[in-house]
Amino acid sequence: MSNTPFKETVFYPVVFMLLICIVFVGVLAVMFRSSEPKIKAYQKDSYQRMILELFAPDLASLSSDTPETILASYPESYNSYIKAIQLPGIERQSFQAAYGDSLLGYCFDIGGKGLWGSMRALVALTPDLKKMKGMLIYDQMETPGLGARISEAWFLDQFKNLPVIDLNTGQVQRFELIPEGKKSESNHQIMQVTGATITTNSVIKMISDEINYIHNPSAGVRP
Amino acid sequence: MTKKQIFITSAFTENSVWRQILGICSALAVTNLMMNSLIMGLGVTFSLALSGFTISLIRNWTPRSVRMMVQTLIIAAYVIIVDIFLKANMPDISKQLGPYVGLIITNCILMGRAEAFASQNKPLDSMIDGIGAGVGYSLVLLLIGFIRELFGFGSIFGIKVLGAWWTPWSIMVMAPSAFFILAMLIWIINIKYYKPKG
């Protein structure tokens, strides 16, 4: 038998690496599993809060509450006004907002491609699906400080009460990009994010494709 | 060296960015906003301190042939721990930090300190060295972030300090501006504090 100490054999690095992997992967697995319920609960909460936020101004106009109090009374307000639904042929996560018997609109979980990866947004539409009540982007991988500014309020505010169907042609509205800071002269002009033209175009394309799909599920883009 | 000397050497005298020219990628990428710079700095400091401690703790048992794999694994594990902790306990900060957590793993300062210091020194000294390197790195990031955010957005930590009269300099928001600022910073510090050799 050889007298070579185990530390100097070729097996030692393999065994050492294996042990280190087991220890660290184990620690990570335990930590992840123990934190998973909290992470998922937060994700669900923030998702539902976003849906509520899109309809909060409409709910406030019909009730004696303000949008802030409606948001503050989550989850009760969410359970009272928002319901997950399935519209025929539309393979998107869909929600309906109603105040009593009065239907306020629908909310769809839409997605598209950005510059660096996929992006996902919640878009609220009027009951006739022709006007956007608002939009919130909840997942994107764009450049921080540039493309990632599509999640900022000034950019998203442009989509509030925005017609998405051209009343003359009946087709999806074609949007025109204008420089950031320039005042919009018509409701189809959207201020782009400076230094992030591709990302802004991606948002516009995502909206156009998805609105087209919602109106023509059989002809539009597939999920 | 005393613990204080280790910290000062790591943070200032042998600063990772202006002296060793490490961590340049992230210094260019994340410094357009001061908040991003601060969060990145804190994440790197935490990972540097704990990975240095752990690598030093097992240095006598780590085979030389696989030491870099072990160091990478330990660094990655700590960065993932930071990520999971933030997601579970500070979800808002985690949301802002999102893309930067992954960048910490690829930051060459961590491998640099692991290889140059932690693998040859005691655990506590390695931890102090990691904190020092992290503080030095954070200071550089915050300084570049201050200049870029002030001129690029007219704000500091998101608070508007320059009024509506200020026309933002778009170049400051883009990565090339960090090249110029970082180069000037290294130039000024070298001229002022380091004498040329020879």
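Trainee: Why is Leu129(A) called partly exposed?

Mentor: Because Leu129(A) has 16 other C-beta atoms within 10 Å, and a residue is buried with 20 or more in that range, exposed with 12 or fewer, and partly exposed in between, with C-beta atoms placed from the backbone. By the way, this is a predicted model, where local features need pLDDT of at least 70, side-chain atom pairs count only at pLDDT 80 or more, and totals for chains, interfaces and linings use all residues. Residues are numbered from 1 along each chain as its sequence is written, while chains are lettered from A and ligands numbered from 1 in the order in which they are written.

Trainee: What makes the phi of Leu129(A) worth a look?

Mentor: Leu129(A) is not a glycine, yet its phi is positive, about 65 degrees. Most residues other than glycine have a negative phi.

Trainee: And why does Ile21(B) count as partly exposed?

Mentor: Ile21(B) has 13 C-beta neighbours inside 10 Å, so it gets that label too. Ile21(B) also has a positive phi, near 50 degrees.

Trainee: What is the peptide bond between Tyr74(A) and Pro75(A) like?

Mentor: That one is cis, with omega about 10 degrees. Most peptide bonds are trans.
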